[in-house]
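User: Could you walk me through this one? I'll have questions as we go.

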Amino acid sequence: MSDDKSTFSVGEPIVNSAVPDGGIQDKWEQHKFDMKLVNPANRRKMKVICVGTGLAGASAAASLGELGYHVQNFCYQDSPRRAHSIAAQGGINAAKNYSNDGDSIYRLFYDTVKGGDYRSREANVYRLAQVANNIIDQCVAQGVPFAREYSGLLDNRSFGGAQVSRTFYARGQTGQQLLLGAYQALMRQVEAGTVEMFTRREMLDVVVVDGVARGITVRNLLTGEIEKYSADAVILASGGYGNVYYLSTNAKNSNVTAAWRAHKRGAYFANPCYTQIHPTCIPVSGDHQSKLTLMSESLRNDGRVWVPLRADDNRPPNQIPHEERDYYLERRYPAFGNLVPRDVASRAAKAVCDEGRGVGATKLAVYLDFADAIKRLGKDTIAARYGNLFDMYARITDENPYETPMRIFPAVHYTMGGLWVDYHLMSNVPGLFVLGEANFSDHGANRLGASALMQGLADGYFVAPYTVSNYLAQSKLTPIGTDGPEFDESVKTVQDRISQLLNVKGKRTAMEFHRALGHIMWENVGMGRTAESLKRALEEIPRLREEFWQDVLIPGEANNLNQNLEYAGRVADFLEFAELLALDALHREESCGGHFREEYQTPDGEAARDDEHFSYVAAWEFQPDSSPVLHQEKLEFDYVKPTQRSYK
Amino acid sequence: MSSTSRTFKLRVWRQNGPNDKGHFEDYVAKDMTPDMSFLEMLDVVNEDLIHQGKDPITFEHDCREGICGSCGFMVNGLAHGPDPGATICQVHMRHFADGATIVMEPFRAKAFPVVKDLMVDRSAFDHIISAGGYISVKTGAATEANIIPIPKEDADQAFDSAACIGCGACVAQCKNASAALFTGAKITHLTLTPQGQVERGERALAMTIKADEEGFGSCSNEGECEAVCPKEISIRNIAFMNKEVAKAVLQK
């Protein structure tokens with residue numbers, strides 16, 4: 001541990017992100033030709049490890065298996081079909097321009113760079129927009145039942161941050177249907193023998209040999225055995241870190257462990273402070289709450305958001321007359337009204353609750369009211385549009401949203417930060433690739449709706465198969481097994497940590513520590529951050545971590561199924577990672593996208609960027625015995641000129 | 001929302017591994033509130049057990065919003081409990097009266113061996129999918145998405161079948177431990193899309209033969225699977241599958 005974690009040192013800037021030369025429209029096409037290939041006969045002899053089976057992991061493993069590589073795919077769930085991509089509701093973007101409303105690859109690129117508040121790498125985003133169309137083709141060919149019009153052609157709908165209809169969807173279960181498509185492609189390769197599936201394995205270390213990623217160490221969650229696997233390249237597609245806040249819309253077992261262990265083996269962690277807080281989630285109902293449920297962004301098309309005009313107004317909503325209500329989004333943003341982007345809507349909800357005008361028992365909620373829409377369109381129309389969401393709401397809250405306004409509140413939903421990668425999606429550790437939400441690459445400081453599914457599948461189907469092959473073709477790797485000293489050291493490190501955890505034999509459970517960490521993070525590193533709150537977090541996190549290692553109580557043993565031991569290991573990693581997140585937020589003295597520093601706002605309360613000083617990716621290098629080192633990758637905008645975002 | 005606290009008597013199946021005989025154990029869950037989810041109630045019970053130095057109850061869960069298919073066990077004899085169209089993670093304690101006895105058992109089937117307590121091994125489902133539950137298209141081999149129109153009705157029907165979350169409730173509720181609804185739903189989904197036509201016969205045979213090999217039973221049309229399916233997948237998927245299999249056999 002270092003002496004003062006609120007400090008850091010500045011290292012060499014990152015000058016090579018492997019972005020190819022040429023105009024932005026031509027870079028990827030030209031580069032695909034320039035990249036090296038591996039002869040089919042040689043692919044069989046090469047092994048690729050892939051961690052995670054969400055959209056990015058499953059699509060990469062299946063595609064690399066099809067190419068003939070020997071792929072080993074790992075997940076902690078009992079089946080690859082359960083990865084958390086399955087829960088994505090809204091849709092997936094692509095610039096097909098089927099709506100003839102002026103969409104194009106360039107416009108999707110432009111919207112994504114702007115939506116990310118000018119904190120992403122242009123070349124990566126352009127490629128994402130380019131391959132998005134292929135994703136829709138691929139998924140349709142797999143049998144994904146996208147919504148269709150009566151003509152039989154694909155239907156589109158609108159989503160936040162865009163003026164065109166480019167979102168493809170499968171009711172409110174788009175993530176599920178896309179993931180099942182990728183999962184089925186994966187299982188086909190399992191049957192063909194190119195992919196070996198390892199379920200119920202949790203990755204606990206990356207093995208680096210001579211500076212190159214050559215394998216992983218995992219815990220078999222059924223037997224407790226620590227297993228080691230070697231490969232010629234390692235892909236991490238292990239998702240985001242939203243659960244550092246304890247309560248989030250993520251799955252309960254989603255965690256930062258794989259990414260964090262890679263970070264501790266040398267991979268830079270980029271922009272951890274970019275976290276997305278989604279405005280429309282079902283509020284917390286009590287201390288027992290274990291997770292939060294999202295209500296789709298689409299509800300804001302017809303619902304009106306309001307709170308009582310005066311604080312501590314305890315009347316039921318239907319007894320508060322119109323003139324005593326504050327439709328604050330419509331008041332503050334007349335041009336966009338209830339359809340402002342996620343970051344803006346979330347902050348506005350927090351502001352009215354801070355003024356004591358929140359509603360419900362906890363006063364941490366605002367109304368999302370459909371009464372006017374029902375009057376205008378009729379109950380049937382509203383039921384046809386949002387019936388499944390209304391049912392979901394009623395099931396959880398036991399209230400009828402057709403009669404009583406919904407209560408909603410922002411919740412942690414997605415994390416834009418992640419392991420640093422170059423244009424090839426390779427981290428600074430050669431041979432270690434990072435895909436999907438686990439990398440930092442395409443969304444800048446704020447992700448637009450329906451873009452996460454696009455990125456996961458773009459990375460896995462259409463980028464990694466090329467760039468991983470290019471790496472394998474060029475790196476003259478000597479074949480290795482798992483007998484080397486690096487593998488032994490890795491196994492020992494992992495085993496020691498597990499014994500250390502079990503030997504604490506304290507009095508507080510992993511869940512109690514996780515809740516305490518979540519409280520610190522939400523209060524101090526949440527929707528509104530200040531230097532003061534961040535410094536407080538940087539004092540409280542290490543203190544809590546110390547308490548954890550002195551007082552955590554984990555039942556059971558290491559050598560069999562032990563869900564609490566798994567959980568405690570993840571919480572231990574969150575307790576380390578949280579500090580880097582807070583430090584990154586403290587060092588970034590500007591507001592951008594999901595990172596809102598209250599000191600840096602425009603006179604009317606909007607995020608104020610500081611392009612002169614902060615137009616860079618903050619890539620953090622781990623130091624075992626001192627504070628982290630910051631490497632800056634300067635962002636150049638040759639095509640989309642940064643401006644102040646305004647929704648007034 | 002009521003915050004009156006309720007007390008429940010829990011009878012929980014405890015089994016230390018696939019080879020352990022297993023037994024019921026009784027617990028009292030005190031100070032629970034109606035707005036808690038079922039799994040949050042179990043979280044509280046487990047935290048208590050840990051503090052008492054006892055082994056907490058093992059159960060599987062992940063997304064806690066009814067879509068990943070990780071959770072599921074029998075509650076008072078019903079897969080996923082008393083609330084129709086919901087997984088157990090979506091059930092709230094308001095469905096149980098104060099003082100109620102709640103019996104919890106794992107999904108029981110020959111093809112789903114118990115791993116521990118309420119957790120079972122459902123990898124047999126993965127094996128059925130890998131036997132043929134896909135359309136054999138390579139990455140990059142797809143044609144333009146709008147080249148083949150699909151009637152909206154077919155697409156909607158395909159979606160209804162594709163909504164299966166692979167939780168295993170259908171197998172657990174069936175007296176024959178049949179995987180017919182799971183297998184039928186995937187066969188129906190893929191056969192209703194034009195892209196899935198080419199392999200339809202082979203797929204139907206391969207998947208149903210695999211289901212037999214994995215130890216699932218036959219379907220005797222009781223309809224219990226449909227009744228407990230959290231995604232309310234219709235038993236018509238089984239009829240569709242039977243027709244597909246019959247056609248494939250005749251064409252052989």
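User: How far apart do the C-alpha centres of domain 1 and domain 2 of chain A lie?

Analyst: The C-alpha centres of these two domains of chain A are 31 Å apart. Domain 1 covers 278-412 and domain 2 covers 485-623, with bounds that come from an automatic or database domain assignment. This is a predicted model, in which local features need pLDDT of at least 70 and side-chain atom pairs count only at pLDDT 80 or more, while totals for chains, interfaces and linings use all residues. Residues are numbered from 1 along each chain as its sequence is written, and chains are lettered from A, and ligands numbered from 1, in the order in which they are written.

User: How many residues of domain 1 are in contact with domain 2?

Analyst: In chain A, 5 residues of domain 1 are in contact with 5 residues of domain 2, where contact requires C-beta atoms, placed from the backbone, within 7 Å. The largest share of the domain 1 side, 4 residues, comes from α9(A); helices (H or I, at least four residues) and strands (E, at least two) are DSSP runs numbered from the N terminus.

User: What does α9 lie across?

Analyst: Helix α9 (342-354) of chain A lies across β13, β14, β16 and β17 of chain A, and runs at about 65 degrees to β13(A). The axes are lines fitted to C-alpha atoms, for helices over the stretch in contact, and angles run from 0 to 180 degrees between N-to-C directions.

User: And what's the strand order in that sheet?

Analyst: The order is β13-β17-β16-β14-β15 in chain A, an open sheet of 5 strands with antiparallel pairing, two strands being paired if DSSP finds at least two bridges between them. The edge strands, each pairing on one side only, are β13 (275-281) and β15 (325-326) of chain A. Between β13(A) and β17 (406-415) of chain A there are 5 bridges, and A:H278 has A:A411 in β17(A) as its bridge partner.

User: What about B:H80, is it buried or exposed?

Analyst: B:H80 is buried, with 28 other C-beta atoms within 10 Å; by the cut-offs, 20 or more means buried, 12 or fewer exposed, and in between partly exposed, with C-beta atoms placed from the backbone. Although B:H80 is not a glycine, it has a positive phi of about 70 degrees, and its place is in the loop between β4 (78-79) and β5 (101-105) of chain B.

How values were computed. Two residues are in contact if their C-beta atoms, placed from the backbone, lie within 7 Å.
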